[in-house]
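Here is a short report on one protein chain. Keep the sequence and the 3D view side by side as you read.

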Amino acid sequence: MTPLKLTMQAFGPFAHTAQIDFTRLGRHPLFLINGPTGSGKTSILDAICFALYGETTGNERQGSQMRSDLASADTPTEIILTFALHDKIYRVTRSPEQQVPKSRGEGTTVRKHSAALYDITDAEKLITAKTAQVKTDVTALIGLNDTQFRQVMVLPQGQFRELLLASSKDREAIFGQLFQTDIYKKIEFALKDKASDISQAKNEFDNQIRGALQVAGVTSEQALDEQQTAFARQLEAARHQEQNALSALNQLKSEIQKAQALNQGFDRFSQAQSALNTHLEQSAHMAAKQQQLDTARNAAKIQLPYVNRVNAAKQADEFQQKIITQEKARDTAQTEQQRKQIALDAATEQAKLLPELTKTVYQLDSLTTKLAEKQALEAKIAEHISQKQKLETTQTQYIAHKEKLLREAEQARQAFEKAQTEVAEKPVIDADIARMQRLATDLNQLETLRKQHQQALEQTPQKTAAVEQAQQDFTAAQQQADRLEMQWHSAQAAILAQKLHPGEACPVCGSCDHPSPAVLTETEVTKAHIQQARTEQQQAWQHAHQCSAQLDQHQTLITQTEQRLNELTTQLGEQASMQPAQLQQDLQAKHDRLQYLSTLNLEQMTQAVTTLNQRCEAGDSKLTELQQQIVANDSRLSTSQEQLRQLSESIDPKRDSVTKVNQEIAATQQQIDTLNQTFTTAQTELQQATLTHANLNSQITTNQELLQQAKTQLTVAETEWHQALAASHFNDEQHYLDSQRTEQEIQRWQHELDEFKQTQTRLEQTLADLTATLKDAQRPDLAALDATLTQTQQTYTDARQQLDTIYSTFKRVEKVRQDIAQLHAQNAKLEQAYQVYGTLYDVASGKTGSRISLHRFVLGVLLDDVLIQASQRLSVMSKGRYTLVRKTEGFKGIAGRGLDLVVEDGYTGKNRDVATLSGGESFMAALALALGLSDVVQSYSGGIRLETLFIDEGFGSLDPESLDLAIQTLVDLQQTGRMIGIISHVADLKEQMALRIDVEPALTGSTVTIRG
């Protein structure tokens, strides 16, 4: 964040409008905010912090307290800050709660705290005008809340040591926000939740195991096993007992079946014997019947006159009998008529129950309607519950989709911010490409020089060898010339020796003794030979001289090349060791990066973020609508359930089934139909009895007339019969009558006689067969066997019931054991999972080992990077005495582990707490820490750009040399592209820094002037 323009009106000591245009100070300036004490230097920082967050730098003063007492009543207090961030320009306006004149009348009224945030990069666009939301959006844009802003970007007066002396917990919050390490916290929380879920699930399974043991009525699994073993033995014994009882029962049933069959044989024998005796008793009767049959056949010859007389008598008798019968029937009909009248009276009395029964049927029909309504309500409730489940499922899907959209929107926003950050790299990359191209030229030149130097070095042995060879050739030529010259001189001596005589003096040496006179060699050496050798010697010398000169020239060239190499290497520094090929790769990577940045379409990405946000808002609308549907469905469900409760209360609990009610209706209706049918039948039967009585009276009168006619015919027939009887051999009429039989009777007698003979033969054969079958057999006692069967059946029933009871108990215990086994299996899986997730959570949360959480471990690594950068600056400012290091021992508990600081004193060689530093030393340490933090945050580029640093006072605590070192450190930092503002009234700073914002106090309010 870089401030561009600050406008303060009626704020603090500034009674009127004071405007600071930071752009007039240049790009990334190092400037001084100067002025006497109380002039309003710190108020400038208060205004920046208040505009952004609604809080002052010291946090001791509220925004409402910052209104200038020197301002006129009609001048409202207002702060306007324009700042740049990520290639965008924003403007934030804020006014504290204050008293303003009423628009009408006299007096004042309270104007509430208000704020607004605008994006004015291209055109003015309102981001938010909600006071609370402005602080939230600014925090999101800058990446720092107000406390962290004061600790990192603004070092307020009296609080510059706050970041240095912050607790490990506070430093964890600051660094976590700066480096965006929430992911490691989320990992800890996720592992904690997972381990907790597993532990909870395991406890639930343990509770289920205890519950299962309680169901079995035991307290331990060992007791359950013992119980199952006991039940198994009881079950085996009960099965054996049931099988024995069943075998005894089946055996007894078989014996009873045999006894019944034997008893039936005895019964058939008795029946056959009795039947035969009874049959034989009819033998005399059958003989008499044979005689009667013969007499009957004789009587048939005079049957016609007798038949006529008998018919006439019969007719008369029939009429007489009819009259008697009809008179009896008339009496009976009269009695029946009276009885039917009584039955009708009884049916009429029972019919009085019909209205009550009909009312019962009506009530039952109404109850059926209620039961149908109840079923409909239950179906409706089930439908509402199903609809609720569907809506909740849809709601879950919507929420998941919304979360996905939110993640996509967040990813798109992060991608957009990343793209913004990356696009800001283009000028840097252009500069890097230009620098790398120049470096490539220098490296190519360096490589050429290295190759030339290498080639020269490689040629040096050859040239040295050539010089040595030339020297050897020269020496050999010289030696050859000297040898030839010696040989020539020797030859001359030999010639002289030939002229020597013993005792004569030698012309060369003057000696008279010649012990070894020179002798001529075979090869003759002439002056020409010597001249030729000397010429070759001269040529060899010239060649050696030439080679030596070339070697010297070559050595000079090497020296010059080495000198150029050293100069170029010194000029390139560490870059001299870079390979051109690697540089070309890096250069190509820069070009590729630049080309990639050119493809980034921020407008399209902005549109994508906007679209995703709109889709999220649409998802919220759908979720709201779905929630309304859920509420409406729940209301309908509640209403239906209440209706069902009221309806259920109005229904007899004994008649809670439509089937039962229908059966009761059918029974009642059948009773009604029976009563109606009985009444109708009684009426019909009474009418029929009355009609029968009348008919019988009419028939009696008719039959009396017919009887008189039949008596006349009987007299004539009797005369004819007596004449025929007298002519026959029968003694009298009775004799004839006794002998007379009908044709059918005669045939029947003949048939009976034939059947008698056949039956006698069959019975005699059956009796003979049964006698053979039942030989030596006794009739069984079936009553005793039945009593034994009843007892045996009861024994088997008891054994079966006992077996069923024991088997049911055994299966229940077995089911409990199976359930417990399954629970143990699931518990084992949970224990394995907990060993993983629980251990990971213990490690990540700092409960094991060094007892440092994962989040603090990561922050500790980042803090180490910060301390490396900070210590470099602190070491310079403290002239090598102090460096900042992270505390690694001497902790109490785990709360302070990982992020505490100590200072390493180079004078004593010991570490001590940063709180023991003096005021000036603390200022230098805090400044170094803030600058180091700025460097590391920038390098990690986590979306937070610390481009501005304000330092309020503290320089007065430094001696001149330390002050110079601190200023030089800030100058070095400013040259890396940061705006640095120093608030101080130290005179030396005013003389050293040309860029200044002078704050001048006055009776009418302070004013601001930019100088430099």
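Helix 1 is mostly covered: 13 of its 13 residues are buried. Buried means under 20% relative accessible area, exposed means over 50%, and partly exposed lies in between (1.4 Å probe, protein chains only). Helices (H or I, at least four residues) and strands (E, at least two) are DSSP runs, numbered from the N terminus.

Helix 1 covers residues 41-53 and reaches 19 Å from its first C-alpha to its last. That is close to the 18 Å expected at 1.5 Å a residue; the expected span is 1.5 Å times one less than the number of residues. Just after helix 1 comes G54, with a positive phi of about 80°.

## How to read the model

This is a predicted model, in which local features need pLDDT of at least 70, side-chain atom pairs count only at pLDDT 80 or more, and totals for chains, interfaces and linings use all residues. Residues are numbered from 1 along each chain as its sequence is written, and side-chain values use heavy atoms, with hydrogens and water left out.

## A residue in a loop

Is T75 buried or exposed? T75 counts as buried because its relative accessibility is 17%. T75 sits in the loop between helix 1 and strand 4 (78-85). Leaving aside neighbours within four places in sequence, T75 is in contact with Q9, A10, A15 and R67. Contact means heavy atoms within 4.5 Å.

Strands of a sheet pair through backbone hydrogen bonds, either parallel or antiparallel. Two strands count as a pair here if DSSP finds at least two bridges between them. Strand 4 and strand 5 run antiparallel and are joined by seven bridges. I80 has T93 in strand 5 as its bridge partner. The two strands form a hairpin with two residues between them. In the turn, H86 has a positive phi of about 55°.

Strand 5 (residues 88-95) also pairs with strand 8 (residues 114-119): six bridges join them, and they run antiparallel. Y90 stands opposite D119 in strand 8. Strand 5 is mostly covered, with six of its eight residues buried.

Strand 12 (residues 901-905) is joined to strand 13 by four bridges.

## Coiled-coil regions in the record

An unreviewed UniProt entry lists "coiled-coil region" for residues 232-262, 374-487, 658-685 and 739-833. UniProt positions are given in the numbering used here, feature names are shortened, and annotations may be inferred rather than shown by experiment. In the model, residues 232-262 are 100% helix and 0% strand, with end C-alpha atoms 45 Å apart. Residues 658-685 are 100% helix and 0% strand, with end C-alpha atoms 39 Å apart.

## The whole protein

The protein has 22 helices and 17 strands. Of its 1012 residues, 37% are buried.
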